[in-house]
Amino acid sequence: MATFPPEPFRIKVVEPVKLTAREERERLIAEAGYNVFKLRAEDCYIDLLTDSGTSAMSDAQWSALMQGDESYAGAKSFFRFQEAVQRIFGMPYVVPAHQGRAAENVLFTVTVRPGMQIPSNMHFDTTHANISARGGRPVNLLADLGLDPTARAPFKGDIDLEKLERFIGMVGRDNIPMGMLTITNNSGGGQPVSMANIRATSELLHRHGIPFFIDAARYAENAYFIKLREPGYDKKSPLEIANETFSHADGATMSAKKDALVNIGGFIALRDADLYQRVCNELILREGFPTYGGLAGRDLEVIARGLWEGLDESYLAYRIAYTQYLGDRLVEEGIPILEPPGGHAIYLDAKRFLPHVPQSEFPGQALAVAMYVEGGIRCCEIGSVMFAARDPGTGQIVYPALELVRLAIPRRVYTQTHLDYVVETCKRVHARRESLRGLRIAYEPPLLRHFTARFEPV
Ligand SMILES: Cc1ncc(COP(=O)(O)O)c(C=O)c1O
């Protein structure tokens, strides 16, 4: 089990949470159409739905809110935000956006034409949907190791470079507006990407004249994994590793709601002046003037501070070990998880947890529902509800290789006792796993169905 670097902070403000009765939770989840997104947050005792926008801000960030400059154009807060992004990302151009998917929307609107394809290790769902919404095709080329939930390897977020080379040969560089890497790989277990793979991906794409972008939502956690696991990086600071990471890229999209430790915000960082101009024009239409991009001045102020706090070495040491603690305790109890533990979340392996529920009956969703009923814990399916899709050629439904339930850990929010409670709840669900049944869809929207679909028990 991980030795536990203790929290490099203490608690100054508390927010009460309450545990409802089991019968009440059974009623609430049925009323929510067995979709945890439709539950009220106050009815969840421990909310592990997402680590996105759920961080506790520091006293320095709360006081920075008061220094927000709310001028429409050229606010002081924008320049403080810009300076932090430029120093960490090393890119000259930066525009704010209200969150990560807004940054993706603006970027893909100006770069993707119908029929184009964008390779990645693994696109996150919003990236996937934003590329599809522009008529493009998102393609995942994760190395096979990343698809084996039991393999304990250091960098299971790496892209398969041979597959990428073949893909470029088949599709042709003119149909590939960019290649991407998601660091860490959220949809594949929060697994890190090695610097060697980042460098090689950049070289391969650039050899073919294709720009390289990074989905940077959890770049600081990725940097810390590189420090811990990749030879030659143990003496480097997270900032130095982040600088090196982005030195290989032409641009990045960022959801600041993760490693910038804020509740809202995102941005695009770029090297190319012409692309920056086109992004600004689109941004003005969709988000706002390029010095606020859909955010208030105070939001920019807290992102500027949060970016530095998110790179702090004592914070990252605690953060990664704390997540690993949850993973190690679950493994000790014989509960199948995607191994090794990721940076921001532990992923229950629903295929091994509920082998009697076929993918067509959404074992991940059934498991997420059971975690809520058992202990008031809200977690999120990342499996067939999120990713199963009809193949346009054959008309057959293609199921994803991984069927996961993500226990995403908000930053600086829950204590070790909370994590122990999560383990106890998982143990109880595991003990009665054979009694759990699958679900079928009663309603689904055309895109991003996991947010609003309704289910009923099979
Ligand atoms: C890897 C990754 N990219 C992009 C996004 C989208 O960011 P946002 O939720 O801020 O729109 C997320 C959000 O969870 C993510 O995990």
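The legends below describe close-up views of a predicted model.

**View 1. The residues around the ligand.**
The shell around the ligand holds 14 residues, and R101, N186, D215, S255 and K258 come nearest. By type, the residues of this shell divide into one nonpolar, seven polar and six charged.

S255 has a polar side-chain atom 2.7 Å from an oxygen atom of the ligand. For Q99, a polar side-chain atom lies 2.8 Å from an oxygen atom of the ligand. N186 also places a polar side-chain atom 2.8 Å from a ligand oxygen atom. On its own the ligand has 390 Å² of accessible area, and the protein covers 97% of that area.

T126 belongs to helix α5, which runs over residues 125-133. Is T126 buried or exposed? T126 counts as buried because its relative accessibility is 6%, and the cut-off for buried is under 20%. Leaving aside residues up to four places away in sequence, T126 touches R101 and E104. With E104 there is a polar contact between the two side chains, at 3.0 Å. R101 is also among the residues that come nearest to the ligand.

**View 2. Helix α7 and its surroundings.**
Helix α7 covers residues 195-207, a run of 13 residues. From its first C-alpha to its last, α7 reaches 18 Å, close to the 18 Å expected at 1.5 Å a residue. Which residues of α7 are buried? They are M195, N197, I198, T201, S202, L204 and L205. After α7 comes G209, a residue with a positive phi near 75°.

**View 3. Two cis peptide bonds.**
Most peptide bonds are trans. The bond from I183 to T184, however, is cis, and its omega is near -15°. T184 sits in the loop between β5 and α7. A further cis peptide bond joins E339 to P340, with omega near -10°. Where is P340 placed? P340 is in the loop that lies between α12 (313-332) and β9 (345-349).

**View 4. L261, a residue with positive phi.**
Most residues other than glycine have a negative phi. L261 is not a glycine, yet its phi is positive, about 55°. The loop between β7 (251-255) and β8 (266-270) contains L261. L261 counts as buried because its relative accessibility is 0%.

**View 5. L448, in a loop between two strands.**
Here too the residue is other than glycine and phi is positive, with a value near 50° for L448. L448 is found in the loop between β15 (439-443) and β16 (454-457). How exposed is L448? L448 has a relative accessible area of 29%, so it is partly exposed; that class lies between the cut-offs of 20% and 50%.

Technical notes:
Residues numbered from 1 in each chain as written. Predicted model: local features only at pLDDT ≥ 70, side-chain atom pairs only at ≥ 80, totals over all residues. Heavy atoms only, no water. Near = heavy atom within 4 Å. Polar contact = N/O pair within 3.5 Å; in protein donor to acceptor, adjacent residues only side chain to side chain. Areas by Shrake-Rupley, 256 points an atom, 1.4 Å probe, with all protein chains shown as cover. Nonpolar A, V, L, I, M, F, W, Y, C, P; charged D, E, K, R; others polar. Helix = DSSP H or I, 4+ residues; strand = E, 2+ residues; numbered from the N terminus. Expected span 1.5 Å × (residues − 1). Buried < 20%, exposed > 50% of the residue type's maximum accessible area, 1.4 Å probe, protein only. Contact = heavy atoms within 4.5 Å.
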